[in-house]
Amino acid sequence: MGSARIAGVGMTAFSKPGKGPAYPELAGAALADALADAGLGYDAIQQAYVGYVYGDSTAGQAALYPTGLSGIPILNVNNNCATGSSALFLARQAVESGAAECVLALGFEQMSPGAIGNVFPDRPAPLDAFTGAVDAAFGPSEAPMALKIFGGAAIEYAERYGSDPALFASVAVKARRHAEHNERAIFRGQLSVEEVLASPALFGPLTRLQACPPTCGAAAAILVSEAFAKRHGLSADIVIRGQAMTTDRASTFEGNSMIRLVGADIARAAAEAVYAEAGVSPGDIDVVELHDCFTINEILTYEALMLTPEGTADRFVADGDNSYGGAVVTNPSGGLLSKGHPLGATGLAQIAELVWQLRGQAGPRQVEGARLALQHNLGLGGACVVSLLERA
C-alpha cells in the first residue's frame with residue numbers, strides 16, 4: 001500500500017503538574033493544531049489510536065468527543081513511556097495495511113507531582129521483575145524503581161568504560177543549550193557541568209538535574225496514504241520510511257546487567273530493523289529525538305542506535321558529535337530533560353519536532369538540510385519504538 005505519510009502534527013507546551021489544563025483540553029489543543037496543520041476537518045479521520053498511561057478506561061473517547069462524535073473506532077493505548085509511539089505504530093499499520101486512509105495518533109498525560117509509582121498496590125506490579133533484578137544487584141532501597149535501574153546502568157557503564165561523571169552531566173548541559181530556543185520546553189535556563197554535578201545526588205553518578213521531570217501535555221500526528229493525500233491536495237511530504245517495535249527478551253534479565261534492563265539491547269534490535277527496512281545506515285541520519293529520561297539513557301542510546309560504537313560515547317560527546325556542527329544533532333528540542341516527560345505524549349512530541357525539522361520549520365533550532373530523522377521512544381516493562389522519517 002506504500003509508506004504512510006504524516007500530513008499534520010500538533011503539540012502543546014508542556015507544563016508542571018497542576019499548572020495547566022486538564023487532559024481533554026490538552027488533547028483537544030494538540031488535535032486542533034494537527035488538523036489545521038494537515039488542512040483537514042475531524043470528519044476526515046477514519047480511526048484514532050489514543051495513548052495515555054495515568055488515566056481511566058476510555059479516556060481517549062473523553063479526549064476526542066469534544067471535537068466530534070463521529071462514531072469512528074477509537075483504540076486506547078497504554079505502553080508505559082513508549083505509549084505515544086505505540087499509538088503511532090498502530091496508526092501506521094492501519095494506513096499501510098489499507099484498513100484506513102486517514103488515521104489519528106494522539107497522546108496525552110495529566111501527571112501528578114513526584115516520582116512515578118504503582119497505581120494498584122493490591123496486586124502484582126508489571127515491573128516486579130525489574131525491581132527484583134535491581135534489588136538483587138544493589139540491595140533494597142527506598143529510591144524509586146526507575147531511578148535505581150537507570151542509576152545502576154550509569155554505575156555499570158562507568159565501571160565498564162572508565163567514564164567520568166562529567167560525561168553524564170554534559171548531556172544535561174547540551175539539553176538545556178538546545179532547549180533555549182524551544183518555547184514549548186519548561187526548562188530553558190542554561191547550565192554548566194559543575195552546576196549539574198552539584199545538584200542533589202540521586203543514585204550512583206546521577207544527580208537531580210540529570211533526571212527528566214513529570215509534566216502534562218499532549219501531541220498528535222495525522223497519518224494518511226499517498227492516494228488520500230493526492231485526492232485531497234495535501235502537502236504530505238514526510239514519509240515514515242521505517243519503523244520497528246521491540247519488547248524484552250530473555251537476555252534482558254540475564255547477567256544482572258542494568259544496561260540491558262533499561263532497554264539498550266531492544267533499542268539496538270529496533271534500530272537494526274529500521275535501518276534494514278529503510279536501506280540506510282546510521283551515518284545517513286541528520287537529526288535524532290531520543291528518549292533521554294535520564295542522562296545515562298541518552299549515552300546508552302547513542303550506542304544502541306549505532307550513532308557511535310559501543311563504549312565511545314565519551315569521545316562522541318567530547319567532539320560535539322551530538323550537537324550542531326557535529327555528526328548528528330540529538331534532541332534539538334531539548335529532549336525530555338528540558339521539556340519534561342508527559343508519558344503518553346512524549347513519543348508523538350518527538351515526532352512533531354522531527355516533522356518540523358524535516359520541513360525546515362524549527363526556527364532557531366533548525367538542523368540545516370535535515371532529510372532523514374530518527375526517533376527513539378522507550379518504556380520500561382517494556383517496549384521500544386524506533387521510527388525513521390524522511391522528507392520526500
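Leucine 389 counts as buried because its relative accessibility is 0%, where buried means under 20% relative accessible area, exposed over 50% and partly exposed in between, with a 1.4 Å probe and protein chains only. The model is predicted, so that local features need pLDDT of at least 70 and side-chain atom pairs count only at pLDDT 80 or more, while totals for chains, interfaces and linings use all residues. Residues are numbered from 1 along each chain as its sequence is written, and side-chain values use heavy atoms, with hydrogens and water left out.

- Leucine 389 belongs to strand E12, residues 383-391; helices (H or I, at least four residues) and strands (E, at least two) are DSSP runs, numbered from the N terminus.
- When neighbours within four places in sequence are left aside, the contacts of leucine 389 are Ile6, Ile238, Val239, Ile240, Ile351, Leu354, Val355, Leu358, Arg371, Leu372 and Ala373, contact meaning heavy atoms within 4.5 Å.
- Between leucine 389 and glutamine 243 there are 146 residues of separation in sequence, and the C-alpha to C-alpha distance is 8.9 Å.
- Glutamate 298, in helix H11 (residues 295-304), is buried, with a relative accessible area of 0%.
- Apart from neighbours within four places in sequence, glutamate 298 is in contact with Val171, Lys174, Leu290, Asp292, Thr330 and Asn331.

- An α-helix has 3.6 residues a turn, so residues three or four places apart point the same way.
- H4 and H5 pack at an angle of about 50°, and their axes are 10 Å apart; axes are lines fitted to C-alpha atoms, for helices over the stretch in contact, and angles run from 0 to 180 degrees between N-to-C directions.
- That angle makes H4 oblique to H5, since angles under 35 degrees count as roughly parallel, over 145 as roughly antiparallel, 65 to 115 as roughly perpendicular and the rest as oblique.
- On the H4 side the contact is made by Phe130, Thr131, Val134, Asp135 and Phe138, and on the H5 side by Met145, Lys148, Ile149, Gly152 and Ile155.
- After H4 comes glycine 139, whose phi is positive, near 85°.

**Backbone features in loops**

- Most residues other than glycine have a negative phi, and most peptide bonds are trans.
- Threonine 58, in the loop between strand E2 (47-51) and helix H2 (59-64), has a positive phi of about 60° although it is not a glycine, and at 46% relative accessibility threonine 58 counts as partly exposed.
- Methionine 306, placed in the loop between H11 and helix H12 (313-318), likewise is not a glycine but has a positive phi, of about 65°, and its relative accessible area of 23% makes methionine 306 partly exposed.
- Glycine 381 and glycine 382 are joined by a cis peptide bond with an omega of about 5°, and glycine 382 is found in the loop between strand E11 (372-379) and E12.
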